[in-house]
Every structure is written in C-alpha cells, then in structure tokens.
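Me: I am new to reading protein models. Please take me through this one by asking what the words mean.

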Amino acid sequence: MSAEVRVLVVDDDVLELRRCVAALDEEPGFRTEGLARSSEAVARLGQDSFDLLVTDLRMPVVDGMDLVRLAAAHNPDLPVLVLTGYPSVDTALAALKAGADDYLTKPVHEAELRTVARRLVEARRVRRENRLLERRLGVSGEGDLVGASPAMVGVLDLVRRLAKSDLDVLVVGDTGTGKELVARRLHALSGRRGRFVPVDCGAIPEALLESELYGHEKGAFTGADRQSMGLLEYASGGTFFLDEVQALTLSLQAKLLRSLQERRFRRVGGTREIQADVRVVAAMNVDPGILVAEGRLREDLYHRLNVGRVDLPPLRERPGDVPLLVEHFLGRYGRSDTGPGPAVSHEAMARLEAYPWPGNVRELQNVIRRALALGSHDLVTSLDLPAALTGATGGPAPDAQAPGDERGNGPDVPPGDFAAARNAVMASFEADFLERALRATRGDVSRAARDAGIGRATFYRLLARHGVEPDRFRPASDDG
C-alpha cells in the first residue's frame, strides 16, 4: 500500500490495546493510534480522517456498538472491525447491522488481526475505485436491483454494508426476486478481485455434483482420466454462488460446512488440502426454517450461513416498484438512437400494477421484453400484454376498443394497423397456450412439448419468443 494508512484502535483494556497497536504497526504503511477512552474516540472521529477503526465492543461511557453507529453516521465509508470477548451469532449480527464490517473474538491472534485489517483497507480502496469508474461510465452498478419501496431500500442498504465484510451470506427469496443479482452485487462491491462463479445446485446431476464442486484427481473414479479443477477452486479469490443450496445432499452439505469453517478442501480422490479463498453466497427459495424442520437442510450449515442474511421481498409486496422496474426494462430493451424510447399506456400500466406477479421481477422483465418484441409502435398497450394480465378469454383486450384509448387521445393501435393488432392478439393466445401446457405438466418442458404435439426444440423457441419461464410452473421444492 503506497499511501499511509491511519488506524484508530479503541479498547478500555490497556494491555490488549497496546498489543493490538503494536501488531498493526508491524503492517507496512500502517500508522496506528490507540485510545483507552471511547469518549475521546468520539471526538477524534469527528476531527480527524482515519482509514480503519478497530474497537472493543463492551466499554464504559460509550460502548463499542454506539461507537460503530457514530462512525457509520460520520463516515459511512470507514471500515470498522469489532473485537469482542463475548462471541455469539447474535452479537456479531447486531454489530454488522450497526455498521461494522467484520469482527474478531478475543484474545485476538496478531497475524489474523493484521490480515483482516489489511483486507478491509484494501476492500475500501477497491470500492472507491469502482465508484469512480461507475461515475465515469454513468452507471449505478445496481443492475436490476431496482426499487424505492422501504423494503427494497433496506435490501440495497444491507447489501452495500454486507459487501464490505467477507462474511458468507444467505439470500432467501421467491423464484425471480433477484437472488443471483444480490450475489453479483455483493461481489462487485466487495473488492474481491477473483471471479464470480454461479452454481445451480438443482441443475447438476447428484452423481456429478461433488466432482463439479471440488474437482477430482486422475483415477478417482471410472472415467476420471485426468486431474480436474472444481468450481470452488476456480472461484479462488472471488465469490462462489450456490443457488438452491438445499438441493445438495446432506453429506455434501456436511462437506461444504467443513470447507466454510476451515477454508480448505480436498479434490475427490485426493489427499492434499487446497486453500479455499472464496466468499460463499448461498440462496434458496424456501424458508430455511422449513427446510431444517423437514431434514432437507443441515441446521449447522444453516446457522453458519445465516450470519449474513438478505431476505428479498416478492414483487406483490412492493407494487409501487412496478412502474420503476417497467421504466428500467423499457430503457434496457427499448432504447432507440433515433428518438425517444417506448412508453406504456395508462391502461397497460394499471394492468401491470394490479397483477400479483407469481414469477416476480423475472416475470415482469420477460413481459416487457415480449411486449416490445410484439409491438409495432412506440406505445406498449394491453394488446401487447399476456392474457394472464388482461383477463382475455377470446375477445379483444381493453386497449383494443376503438376509437380511443383510456385517455381519450386517439387509438392505441395506429389507424388501419389491424394486422398488427391481430398478430398481437394471436401472440397473446400463443403465450397463453404455452403457459397452460407448462402448468399442466408442472413445468416439465419435454412432456409439455410431447403433449402439445410440438417438437422440443420448437417448443423452446416459442418459450424464448414469448418470454415464458418454465421455472414459474415448477413446484417450489424443485425450482432452480
């Protein structure tokens, strides 16, 4: 680190304070100051600029939790490392919610203290570089994590704060709420320079899953004619995203738990331990408490992941975010270099806001993509929406009622463009047919295509054309 790093250590235990200051001063480029009185630390944080705060949790006058909150209010970008002699999951989670970035239990190992301090300072530097780059490129970096509702504002704030730590994170939410987007956002803001490696645990055959995750040595099993690196090793230095982690067998869950605790693993058929420098983000679309009660999720793994947790609300619980998401997807998929992009009619927007969105944000995204693909004009109307949103049973959708639209400003469909209207209605029926076929087979695409008398490849092309997601129709326990 080229620039000097200023560190403030606060601990009313003078001996522990001196030990921490001495340990951090051994780190090249660090200049460390120690204070035994937390009240003095409050004044110093208001007067001076520091690059890292290390604080004990239990102190008289101003305790560590209050100091964490004050530091976060004064300088949200300041990394905070909490030291506690009373370790517990509740204590750690409370400190993180208050604004801390990581915690260590006493007595603190000096080498570990330097390692964590160095990582927090480096992560802060990378975050600053990322923000500068985002401003230069004119992007926010939030991706499709869009929303102004209190629930989503809280989620985005929690993601930003968790990203600054190196804690493993559990993301819980219905299918389509954006669990992978949260994981990618955590990785982008974390400062980790390695890869983001996503794994759909429910999509890999059980017999191959352990080898895919951990790799294997030559001769480990029939067909293993060479050494193979696993996805966990491939993600070294980055973030390892395990979607639907409950799909792992209980024995694999136990192995994953050991990997998380020891940060080491062995390839299948191997004896050499490999360092696992990864951050794990796990996701599931079922309440983990239910999975534990049913015996499908190990309780110890659940508690290991649940320290850093993000709960994503379904779209039906934040209908006020629908217009924001619609504008976001219109901007992404309807951008035009020759003039203003498409808009949405009042009637169509009312339909979108009233719909319960069982497929959540992903379903809304596909509906907008479909509407833009089908529309032959610059206004998305109810004609461009699936039958499930318009309640169409064979007659025209509300926006097809000539001569005027819901505002009385002329027809939604350009005069004489009845072919476009007919095509839109036919496309709506086609999408409804696909949805009915998938609903009848609980999302089994092969069986739906067979029952419909359509080739599997053709069926997939139709699904892609209309933005229909088979995942919406699969039982929750099978949903990937």
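Me: What makes β6 and β13 a pair?
Reply: Strand β6 (residues 169–172) and strand β13 (residues 279–284) share 4 bridges in the parallel sense. Two strands pair if DSSP finds at least two bridges between them, so these two qualify. Within the pair, V169 stands opposite V281 in β13. A word on the source: this is a predicted model, where local features need pLDDT of at least 70, side-chain atom pairs count only at pLDDT 80 or more, and totals for chains, interfaces and linings use all residues. Residues are numbered from 1 along each chain as its sequence is written, and side-chain values use heavy atoms, without hydrogens and water.

Me: Which strands make up the open sheet, and in what order?
Reply: The order of its 5 strands is β7-β10-β13-β6-β14, with parallel pairing.

Me: Why do β7 and β14 stand at the edges?
Reply: β7 (196–200) and β14 (308–311) each have a single partner strand, so one side of each is left without a neighbour in the sheet. From one strand to the next, the twist averages 15°.

Me: Is D11 buried or exposed?
Reply: D11 has a relative accessible area of 1%. Buried means under 20%, exposed over 50%, partly exposed in between (1.4 Å probe, protein chains only), so D11 is buried.

Me: Where is D11, and what does D11 touch?
Reply: D11 is in the loop between β1 (5–10) and α1 (14–25). Contact means heavy atoms within 4.5 Å. Not counting residues up to four places away in sequence, D11 touches several residues, including L35, D56 and K106.

Note on methods. Axes are lines fitted to C-alpha atoms, for helices over the stretch in contact, and angles run from 0 to 180 degrees between N-to-C directions.
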